[in-house]
Amino acid sequence: MVDANGTVIERLALIGNFLPRQCGLATFTTDVYSALRDRFPELSVDVYAMDDHPGRYAYPPAVTAAIPQNDRGAYIDMARRIDASGAQAIWVQHEYGIYGGAAGEHLLALLDRTTLPVIATLHTILEKPSADERRVMEGLLRRCAKIIVMADKGRDILQRVYGADPRQIAMIPHGVPDRALMSPEALKPRFGWEGRKVVLTFGLLAPNKGIETIIEALPAVAAHHPELLYVVLGATHPNLIAHEGEAYRDRLKALAAARGVSDNVAFVDAFVEHDELLDYLQAADIYATPYSNPAQITSGTLSYAIGVGKAVISTPYVHATEILADEHGVLVPFGDVGAFAREIDRLLSDQAARDHLSSRAYARGRTMIWPRLAEGAIKLIGTAITTRPRRIATGTSGASSAIKPLAPDLSAVERMSDSTGMLQHAIYSVPDRRHGYCIDDNARALIFMTQAPDIDPVTRDKWTTIYASFLQYAWNPEARRYRNFMRFDRSWCEDVGSEDSNGRTLWALGVTARDAQPPKHRDWAQMWFDATASLALDLGSLRAQAFAMLGAAAMLEARPGHQLARSILEKMPDLHLALLEEARRPEWQWFEIVLAYDNARVPQALIEAGRALGRQDLIDCGISTLDWIVGKQTSPEGRFRAVGSESFGRPYAEPLQFDQQPLEAQATVEACHSAYLATHDPRWIAEGERAYGWFLGMNDLDLPLATASDGGCFDGLMPTGLNRNQGAESILALQLANCAIASLCQSASSMAGADRHIA
């Protein structure tokens with residue numbers, strides 16, 4: 001279909017509750033779906049129903065999938081499914097209590113993992129939110145292209161309380177059915193109400209509906225109108241049923257009996273379907289909403305009552321104040337029994353007054369019918385799609401002509417470092433001291449000091465010594481393990497660090513022993529490797545073993561015949577081959593049944609071990625598994641796509657797209673360098689350049705993560721943009737990738753020169 005702006009809209013994802021789940025939001029979402037399909041029959045609408053009791057509801061074919069409310073992983077999986085569906089936008093029906101997590105934060109997990117524009121209809125807007133409610137609402141406002149409110153007061157609250165951009169907000173009234181205006185007398189016989197004057201309240205029964213107020217008012221009204229019947233229509237709210245059964249309904253019945261009006265009150269305990277509800281509304285003389293919550297922004301039943309032309313008496317909650325303004329209904333104070341009695345008595349006594357309100361309500365209702373809502377929403381959706389940032393057109397080959405490597409830059413590394421070492425995290429570019437330090441980052445920083453060219457010798461000596469000192473101080477001789485996390489006050493958070501951090505430390509020691517420029521640092525690194533590397537023989541983690549293997553290969557290169565390094569390299573590769581044999585399937589050529597972080601390090605370690613030991617079988621296995629993981633890290637457009645962190649731990653599953661982190665690109669560049677050195681296959685130059693290009697903007701969002709002016713790097717690529725924090729891991733990933741791509745290009749040039757010389 002083509003909207004009024006000329007935007008072609010073919011498929012839409014709709015998220016909310018859906019019938020047969022019994023609640024007002026399910027009815028609303030179902031009505032929205034029907035309105036879209038009726039008004040725009042060529043539009044495909046995929047419904048994703050929130051499910052509070054998986055397996056309970058027999059959803060109709062309109063529901064594409066159900067999302068278990070409290071299963072965060074299901075939200076993330078659904079984001080991928082929606083992205084792959086061809087949907088051009090997502091329309092969310094937002095209400096507190098239907099999405100999982102604190103204040104419904106699981107919804108943000110879904111929305112933040114799709115690149116599609118999002119439009120949200122807010123069914124509740126809190127003027128005094130809790131901290132979690134505020135956080136989630138502000139997250140929703142940041143993510144949404146457009147926000148729909150159903151009352152002007154909602155617009156005011158969003159701007160005043162949440163600082164929302166007024167250009168983001170649109171007011172579209174709650175939809176109503178398009179029914180002919182009818183006399184109540186024509187439908188009363190269907191319900192056995194002949195000869196009665198009927199006041200109706202509809203909705204899930206709960207204490208906040210104020211029904212007690214009207215029951216208290218009935219004796220005064222019944223004294224003048226003994227034929228009065230107050231109909232309370234609706235099942236008890238499921239949450240109330242779970243807590244106390246029908247005790248609340250029983251209390252209301254007891255109140256009616258105590259006031260002597262039992263014959264004037266009828267409780268209809270049912271969740272009625274759409275058309276039957278409209279029949280009930282049209283059969284009533286007056287519709288009453290005695291709600292007690294002044295902040296209620298929307299009421300679907302009030303909208304429906306206006307839509308069929310009812311005379312309405314209501315308390316002045318937000319929605320009622322707006323929709324009943326200008327003599328479209330009657331407002332009475334909250335909890336005012338006398339006012340309800342007076343106004344019900346007046347309208348039941350004055351047919352002309354009822355007819356006047358009915359005609360004005362019906363006229364207003366014509367502006368709110370479902371086709372008008374559908375048209376207004378589609379216009380907003382079309383605008384969101386049209387104004388969505390366009391991707392930069394790029395080729396799919398990742399050609400090297402597009403790659404201009406950055407020179408290694410110490411600036412951001414120094415910014416994140418002090419006399420203790422390199423701090424872990426930053427808020428934007430400013431170090432966040434609350435999280436202190438870790439050996440992982442200081443080991444990486446030590447490697448960088450051995451790889452980066454053109455650093456002033458005094459500066460290199462200073463920072464190499466600081467990072468080396470951190471590793472040295474982290475050693476716990478009693479446990480014979482390195483500690484990992486240190487607080488800002490230099491106290492350790494633990495006695496033993498993770499296996500991966502210990503393996504990475506040995507890697508840094510091996511590389512420093514081989515590549516550090518001053519002999520004093522090479523000697524120091526060999527001494528610490530000799531003293532501590534035997535811990536590698538007890539490591540059980542696949543990646544920890546890979547890191548230790550990389551360190552051992554470097555040490556063996558620095559010190560041929562180094563026995564401990566050789567022992568590590570002789571033991572671990574066969575363990576990896578056994579893991580591969582156990583986990584592999586025809587479509588899964590990997591060492592584990594899941595993907596995790598730093599994936600390319602595992603095949604790289606096999607390649608380096610094979611080169612060090614002269615074992616072609618290890619090189620071949622490393623090349624084949626690197627080829628497999630590179631395939632998993634390539635988008636359909638041919639760009640490098642880092643395995644997203646949300647992919648970790650999902651057995652035999654295709655990787656999810658986000659969150660993409662710099663560590664994966666760096667690992668791939670360095671693994672490709674190892675592969676090229678082992679094979680001289682130019683394919684690995686191209687793959688290394690493709691992975692390196694990810695830092696420069698050759699990625700799913702065409703956004704550079706490297707800040708070339710100061711050597712910084714953003715922490716990740718989210719579907720909605722960049723994680724703009726710049727932590728140590730990300731900065732070092734970029735800088736080490738700068739070193740690696742330069743080495744790869746130099747190796748390629750040297751090889752080409754050798755080939756020319758031979759020729």
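This is a predicted model: local features need pLDDT of at least 70, side-chain atom pairs count only at pLDDT 80 or more; totals for chains, interfaces and linings use all residues.
1. The buried positions are Arg601, Val602, Pro603, Gln604, Ala605, Leu606, Ile607, Glu608, Ala609, Gly610 and Leu613.

2. What covers α23? The elements over its buried residues include α19 (499-515), α21 (542-558), α22 (563-583), α24 (616-632) and α25 (662-679). Just after the helix comes glycine 614, with a positive phi of about 70°.

3. Because eleven of the 14 residues are buried, α26 is largely enclosed by the rest of the structure. The buried set comprises Trp684, Ile685, Glu687, Gly688, Glu689, Arg690, Ala691, Tyr692, Gly693, Trp694 and Phe695. Glycine 697 follows α26 and has a positive phi, near 115°.

4. The largest core has 114 residues, and Phe695 is listed with Phe448, Tyr467, Tyr482 and Leu626 as having the most contacts inside it. Another core, of 67 residues, lies apart from it; Phe28, Val176, Tyr291 and Val308 are among its members. In soluble globular proteins, nonpolar side chains tend to be buried together.

5. Three strands form an open antiparallel sheet in the order β14-β15-β18. The edges are β14 (423-427) and β18 (485-486); each has a single partner strand, so one side of each is left without a neighbour in the sheet. The antiparallel pairing of β14 with β15 (residues 430-438) extends over four bridges, and histidine 425 stands opposite aspartate 432 in β15. Helix α17 (residues 439-451) lies across β14 and β15 and runs at about 100° to β15.

6. A second open sheet, of six strands, is paired in parallel and has the order β10-β9-β8-β11-β12-β13. Which strands stand at its edges? They are β10 (265-268) and β13 (330-331), and because each has a single partner strand, one side of each is left without a neighbour in the sheet. Strand β9 (residues 228-233) pairs with β10 in the parallel sense over four bridges; within this pairing, alanine 266 in β10 is the bridge partner of valine 231.

7. Helices lie across this six-stranded sheet. Helix α7 (residues 211-224) lies across β8 (197-202), β9, β10 and β11 (286-289), at about 170° to β9. Helix α13 lies across β8, β9, β11, β12 (311-314) and β13, at about 170° to β12.

8. Helix α13 (residues 337-349) also packs with helix α14 (residues 351-366), at an angle of about 100° and with the axes 5 Å apart. The range for roughly perpendicular is 65 to 115 degrees, so α13 is roughly perpendicular to α14. Arg346, Leu347, Leu348 and Ser349 of α13 make the contact with Gln351, Ala353, Arg354 and Leu357 of α14.

9. Strand β4 (residues 90-94) pairs with β5 in the parallel sense over five bridges, and tryptophan 91 stands opposite isoleucine 119.

10. Alanine 49 is found in strand β2 (residues 44-51). With a relative accessible area of 0%, against a limit of under 20% for burial, alanine 49 is buried. Leaving aside neighbours within four places in sequence, alanine 49 is in contact with Gly16, Phe18, Tyr59, Val63, Ala65, Ala66 and Ile67. Its C-alpha atom is separated by 8.7 Å from that of alanine 26, a residue 23 places away along the chain.

Key:
Residues are numbered from 1 along each chain as its sequence is written. Side-chain values use heavy atoms; hydrogens and water are left out. A nonpolar core is a set of buried Ala, Val, Leu, Ile, Met, Phe, Trp, Tyr and Cys residues joined through side-chain atoms within 4.5 Å. Buried means under 20% relative accessible area, exposed over 50%, partly exposed in between (1.4 Å probe, protein chains only). Helices (H or I, at least four residues) and strands (E, at least two) are DSSP runs, numbered from the N terminus. Two strands pair if DSSP finds at least two bridges between them. Contact means heavy atoms within 4.5 Å. Axes are lines fitted to C-alpha atoms, for helices over the stretch in contact, and angles run from 0 to 180 degrees between N-to-C directions. Angles under 35 degrees count as roughly parallel, over 145 as roughly antiparallel, 65 to 115 as roughly perpendicular and the rest as oblique.
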